[in-house]
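Hi,

Here is the structure I promised to pass on to you. Have a look at it first, and then read my notes below.

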Amino acid sequence: MMTSVDTELMRVLADPLRLRIVTLLARETLCTTHLVEETGAKQTNLSNHMKVLREAGVVDTEPCGRFTYYRLRPDVIELLAGQFADLARTARAAAEANLKRSCP
């Protein structure tokens, strides 16, 4: 069973600030102001990171007056977790079968 991990999603989540944002949003829906306070990032920097997360489908937005609230999409995180679980099962099966390619 060969599997691969969504490399684009991994790239998006590999950034430390974006990973921090995702971690915060896993706990509650937050607006930009809250995220600036929690991360210490500048508003423009945070907005750029939120755009990347939105375009990758990691977060949903909810306008509320002059604020925008962000909500983590757990299905995307579950998909990535499932891909890693498949990868771990593949590695375990290969190790148990002692699969090793011989050198030329």
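**What turned up**

Leu-87 is partly exposed, with a relative accessible area of 34%. Please keep in mind that this is a predicted model. Leu-87 sits in helix H5, which covers residues 74–96. Together with Met-10 and Phe-84, Leu-87 makes a nonpolar surface patch of about 230 Å².

In the segment after H5 you will find Asn-98. Its phi is near 55 degrees, a positive value in a residue other than glycine. For context, most residues other than glycine have a negative phi. Is Asn-98 buried or exposed? Asn-98 has a relative accessibility of 57%, and exposed means over 50%, so Asn-98 counts as exposed.

Now for the helix packing. Helix H2 spans residues 16–27 and helix H3 residues 32–39. Their axes come within 11 Å and cross at roughly 120 degrees. Angles of 65 to 115 degrees count as roughly perpendicular, and H2 and H3 are therefore oblique to each other. The crossing in which H2 passes H3 is right-handed.

H3 also packs with helix H4, residues 43–55, at an angle of about 110 degrees and with the axes 10 Å apart. That angle makes H3 roughly perpendicular to H4. Here, too, the crossing is right-handed.

Best wishes

Methods
Residues are numbered from 1 along each chain as its sequence is written. This is a predicted model: local features need pLDDT of at least 70, side-chain atom pairs count only at pLDDT 80 or more; totals for chains, interfaces and linings use all residues. Side-chain values use heavy atoms; hydrogens and water are left out. Patches are made of residues with over 30% relative accessible area and no salt bridge: like charges are joined within 9 Å, nonpolar side chains (Val, Leu, Ile, Met, Phe, Trp, Tyr) within 5 Å. Accessible areas come from the Shrake-Rupley method with a 1.4 Å probe; for residues, only the protein chains shown count as cover. A salt bridge is a side-chain nitrogen of Lys or Arg within 4 Å of a carboxyl oxygen of Asp or Glu. Helices (H or I, at least four residues) and strands (E, at least two) are DSSP runs, numbered from the N terminus. Buried means under 20% relative accessible area, exposed over 50%, partly exposed in between (1.4 Å probe, protein chains only). Axes are lines fitted to C-alpha atoms, for helices over the stretch in contact, and angles run from 0 to 180 degrees between N-to-C directions. Angles under 35 degrees count as roughly parallel, over 145 as roughly antiparallel, 65 to 115 as roughly perpendicular and the rest as oblique. A crossing is left-handed if the near helix is turned anticlockwise from the far one by less than a right angle, and right-handed if clockwise.
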